[in-house]
Amino acid sequence: MTIHTPHIDWFALSTILVLLAASFVSLLGAVLVPAPRRRTFSAIVSKLGFLGGLVTSIWLYVDSPHGEAVVSGAFYRDRWTALAQIILCGVGLATTLLSWEHALPQRGGRNDDHIAEFFALLLASAAGMAFFVGAGNLMVLFLSLEWFSIALYVMCAIDYDVEGSLEAGLKYLIVGSFGSAALLFGSALVYGATGTISFSGIATAIGAHGLSGDALLVVGIALLVAGLGFKMSAAPFHMWTPDVYEGAPTPVTAWMSAATKVAALVLAMRLMQTAFPLERHLWSVAFAVIAVASLVIGNLTALVQTNVKRMLAYSSISHAGFMLIGLSAGTALGGRAVMYYLIPYSAMAFGSFAVVAARERELGKPVTLENLAGFGWERPFLGVAMWLFMFGFAGLPVGGGFVGKFYVFAAAYDAGRAWLVVVGVLATLVSLYYYLGVVRAMYMRGPQLALAGGSPPRDRFLHVAVGMALVVSVGSLFAVAPLIDLARNAASAVF
Amino acid sequence: MSTAHLTSILIWLPIAGALAVWLLPLSKYATGSLAVLVSLIEVGFWIEQASRFDFHQSGLQMSEQAKWFGELGISYHVGVYGFSVWLVGLTVVVTAACTGYGFWVGRDRPRAYFGLMLLLTGATVGVFESQDLILFYAFFEAMLIPLYILIGVWGGARRIEATVKFVIYTMAGSLLMLAAIVAYGLHAGTFDLVNGPTSASRWLFLGFMIAFAIKAPLFPFHGWLPDSYREAPPEISAVLSGVIAKAGLYGMLRIAIPLFPEPASFYRTAILALAATALVYGSLLAFRAPDFRGVVAYSSLAQSGLITLGLFAGTSLGLSGAVLQMVAHGLVSASLFLLAGVVERRTTTGEFRLLGGMARGRPALATLLMTLGVISLAVPGSANFAGEFLILAGVFQQAWWWAVIGAGAIVLAAMYMLRLISGVLHEARGSTVADEAMDVRPAELALVAPLVAGLLLLSAWPAAISHNVGPSPKQPTSSSSAPLTLP
């Protein structure tokens with residue numbers, strides 16, 4: 001008996017392979033490279049890995065104008081996948097720079113033991129996400145989800161000397177497994193209803209057998225939505241977010257807040273649009289409701305936070321809400337609105353956590369609104385970057401966040417949901433209060449605590465990473481047309 | 001250099017200056033000098049623009065258009081109408097004086113301060129020149145950012161509360177406007193102000209109007225005004241009341257009225273009533289205010305009401321009066337706030353019960369304040385008189401009682417201005433007024449005098465503006481583009 005292996009388009013998988021290879025090299029470094037050089041070695045490997053991923057995904061974008069499913073329909077090689085991979089690799093590159101100095105800081109030299117593993121996990125989770133965004137059937141969807149999730153669980157807990165880190169890892173593991181279980185169960189139900197796992201096959205089966213509204217199918221979709229909701233940390237599946245974001249090492253938080261959201265939203269859009277186009281009336285309402293819940297819960301809870309990482313965690317929940325407004329439109333305009341929004345959003349989310357990481361390192365304790373006082377004057381560049389991120393989050397025209405909000409509102413209005421625009425507008429108004437609270441804390445209150453003295457720790461790479469985030473965030477306001485063209489080409493693969 | 005570039009230069013020169021100030025490691029004096037220099041060059045460019053502008057020709061001039069995000073019909077489209085030229089002029093002159101004032105009093109953290117002042121100048125000029133709704137919105141919001149930080153960092157003791165109120169109020173309005181812009185633009189298929197069709201939607205009209213009424217401010221949306229005007233540094237109060245408030249009124253003139261002709265006439269009576277209320281109520285509050293800045297702040301509320309009367313009179317007389325009054329009041333209130341700063345620096349307070357008797361031995365201060373007082377209480381022959389007269393004549397054609405209310409308000413204006421003058425200059429010498437408190441110094445004179453000189457010029461020749469406003473920008477109402485009907 002011979003097993004017929006499918007034809008594999010290796011080039012379509014090149015980004016994943018490059019990242020995975022870099023991950024292996026970094027892991028080997030943990031064993032073979034002497035401890036003092038390990039940090040530099042693995043950071044350079046990680047940087048090269050993400051640069052390579054960037055090159056291959058850009059190449060894929062250019063080379064795949066007509067989307068196609070490859071590897072027996074298990075993976076989509078199209079611009080939607082490629083653009084998401086480009087964003088992921090960009091964030092990964094910035095995370096590498098941030099982690100170079102800030103992941104597992106040396107406390108008596110011990111922690112450096114695991115720095116190579118840290119970068120290996122970072123690369124592995126990125127590879128998992130790069131696979132996830134191109135998933136073409138429910139099996140790949142689940143496998144790649146677990147792939148990057150498990151890497152993230154370990155990354156959250158990796159700084160086990162810090163009390164919160166282990167707790168964060170455990171919390172994420174338990175709640176995350178719950179989300180994965182929901183997703184798996186949903187996949188099983190959908191398979192049970194339609195008899196196929198491929199996205200396009202599901203759509204065909206629903207159409208051919210008149211399964212629209214079938215109870216099994218509807219419950220399956222609901223569970224899939226819930227499972228993805230966990231990953232994009234949208235309310236009411238957000239409970240883990242603040243604790244995990246607060247407890248995890250800040251570079252990991254920065255990576256998760258930007259990359260996980262990109263992966264989950266991009267995949268959700270593809271899954272809903274490709275597999276369940278006939279059920280749009282169901283999922284678009286479901287996502288609209290989730291969007292409203294995220295906007296309300298995220299914004300109102302963020303108002304009372306004093307810990308900056310927790311506040312940013314709630315802000316990321318509210319931004320999931322904004323992007324879901326675009327997703328729920330279920331139109332090509334909504335698709336490119338979300339894709340565009342993800343670019344400045346991931347830059348701002350990453351950048352703001354990176355600035356927090358800098359402050360955390362110089363204080364040696366969690367950053368609160370109180371001990372942020374005077375930061376803007378002490379570190380002018382990071383201060384300016386932070387206020388640009390905050391105003392950008394709030395949707396003021398200093399960055400692409402403004403255009404992103406405008407686009408999702410336009411998509412919602414275009415889809416006949418003017419009430420979502422109203423909710424979004426009110427949420428933006430509420431969010432101003434806490435975003436401006438950060439600016440207020442940085443600039444308008446005098447420094448209330450004496451720092452340990454001496455010059456702040458050297459963080460050259462952190463500055464580069466924040467600079468990259470700043471360029472993307474502000475630049476996306478001026479380069480709207482080219483970015484929207486990218487997003488339109490990407491979205492045309494799905495819609 | 002073609003004249004069209006002047007429009008863009010006026011927007012981007014100060015913003016480039018702001019970047020230079022932030023990036024170059026200059027000393028305190030070099031930073032301030034650079035900022036003042038940039039704002040003076042800006043004034044020069046405006047003079048160039050005004051002299052090349054053809055006031056006899058209606059319609060948009062010196063326009064530039066470039067693709068921004070093309071697919072929704074959104075572009076970088078700037079240009080000027082007759083009235084925009086005057087408002088841009090007001091902006092550059094007032095902000096130059098205020099930047100100079102900041103330099104003179106030596107604001108600390110100079111690079112941040114002057115950078116933000118220049119950014120504010122650029123954004124405000126952008127508001128007056130944008131011909132695309134999204135671009136307009138972007139500049140309208142961009143004004144808020146420097147203002148927030150300028151008040152929050154360099155303001156008085158209760159600055160934090162003031163900024164929170166200010167930002168929440170204005171953003172509430174702006175976001176309503178954003179929703180209205182999205183709805184309007186998607187229906188019209190373009191966000192362009194020049195080619196866009198008119199709309200009959202009352203909801204959208206209200207979305208725009210509330211945003212503008214908060215910025216102006218107009219009764220009953222003036223809750224943020226007293227705190228912000230008192231807590232801001234004096235030169236920022238001057239910009240706020242002299243220029244930023246005019247952006248709200250300009251929005252009515254350029255967007256709310258021409259884009260929504262039917263709703264504007266539907267709500268005319270209601271808006272005129274609110275404007276008249278603002279006029280009378282603001283004047284009464286100004287009369288009761290216990291301090292220098294309070295009087296000027298509430299008088300700005302009253303003047304915004306008066307200008308709105310002119311804008312919504314629906315006659316070209318009222319319109320040209322409103323534009324003239326915008327410029328005249330902008331100059332008056334900016335100078336008064338700067339003088340409030342001058343007085344506060346000498347006495348540490350602006351409260352009338354601690355002030356008084358400053359005229360003796362301080363002739364320059366007395367002369368400046370008297371001149372401004374006389375102009376702002378609209379003595380015949382002053383620029384304000386011409387503006388108010390045109391507005392009242394314009395609104396008289398609507399209904400006579402509006403003109404009666406407006407005329408009554410002029411009497412009230414005389415009351416509060418005379419109270420201000422006597423409270424500061426005359427009466428018994430206040431407890432905080434030391435003998436050695438100096439007269440207006442030459443540098444301060446150099447800042448305020450050009451504004452007052454501008455006012456005197458306008459008093460002598462108000463027709464410079466009122467005859468050169470140009471017609472209100474009419475929307476193309478050809479048969480091909482039927483008015484939109486929106487929910």
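Tutor: A residue counts as buried if 20 or more other C-beta atoms lie within 10 Å of its own, as exposed if 12 or fewer do, and as partly exposed in between, with the C-beta atoms placed from the backbone. This is a predicted model, in which local features need pLDDT of at least 70, side-chain atom pairs count only at pLDDT 80 or more, and totals for chains, interfaces and linings use all residues. Residues are numbered from 1 along each chain as its sequence is written, while chains are lettered from A and ligands numbered from 1 in the order in which they are written.

Student: Is B:Thr348 buried or exposed?

Tutor: Helices (H or I, at least four residues) and strands (E, at least two) are DSSP runs numbered from the N terminus, and B:Thr348 sits in the loop between helix H14 (316–347) and helix H15 (363–376) of chain B. Its phi is near 65°, a positive value in a residue other than glycine. Inside 10 Å B:Thr348 has 9 C-beta neighbours, so the class of this residue is exposed.

Student: Is B:Met62 buried or exposed?

Tutor: B:Met62 lies in strand E1 of chain B, and its phi, near 50°, is likewise a positive value in a residue other than glycine. Because B:Met62 has 22 other C-beta atoms within 10 Å, it is classed as buried.

Student: What is the radius of gyration of chain B?

Tutor: The secondary structure of chain B comes to 19 helices and two strands. The radius of gyration is taken over C-alpha atoms, and the globule rule is 2.2 Å times the number of residues to the power 0.38. For 487 residues that rule gives 23 Å, and chain B comes close to this, so it is as compact as a globular protein of that length, with a radius of gyration of 21 Å.

Student: Which helix gives the most to the side of chain B that touches chain A?

Tutor: Two residues are in contact if their C-beta atoms, placed from the backbone, lie within 7 Å, and the contact between the chains takes 28 residues from chain B and 25 residues from chain A. On the side of chain B, strand E1 (61–69), helix H5 (133–142), helix H6 (144–154) and helix H7 (159–188) each supply at least two residues. With twelve residues, the element that gives the most is H7(B).

Student: At what angle do helix H3 and helix H13 of chain A pack?

Tutor: Axes are lines fitted to C-alpha atoms, for helices over the stretch in contact, and angles run from 0 to 180 degrees between N-to-C directions. Helix H3 (residues 79–102) and helix H13 (residues 332–363) of chain A have axes 11 Å apart, and the angle between them is about 5°. Angles under 35 degrees count as roughly parallel, over 145 as roughly antiparallel, 65 to 115 as roughly perpendicular and the rest as oblique, so H3(A) is roughly parallel to H13(A). The angle asked for is about 5°.

Student: How many residues does the largest nonpolar core have?

Tutor: A nonpolar core is a set of buried Ala, Val, Leu, Ile, Met, Phe, Trp, Tyr and Cys residues joined through C-beta atoms within 7 Å. Among the residues with the most contacts inside the largest one are A:Ala354 and B:Ala256; the contacts of B:Ala256 include B:Phe205 and B:Phe212. The size of the largest nonpolar core is 402 residues.

Student: Where in chain A does A:Pro236 lie?

Tutor: The peptide bond from A:Ala235 to A:Pro236 is cis, with omega near 0°. A:Pro236 is placed in the loop between helix H8 (215–231) and helix H9 (240–247) of chain A.

Definitions and conventions:
Lists of a residue's contacts leave out its neighbours within four places in sequence.
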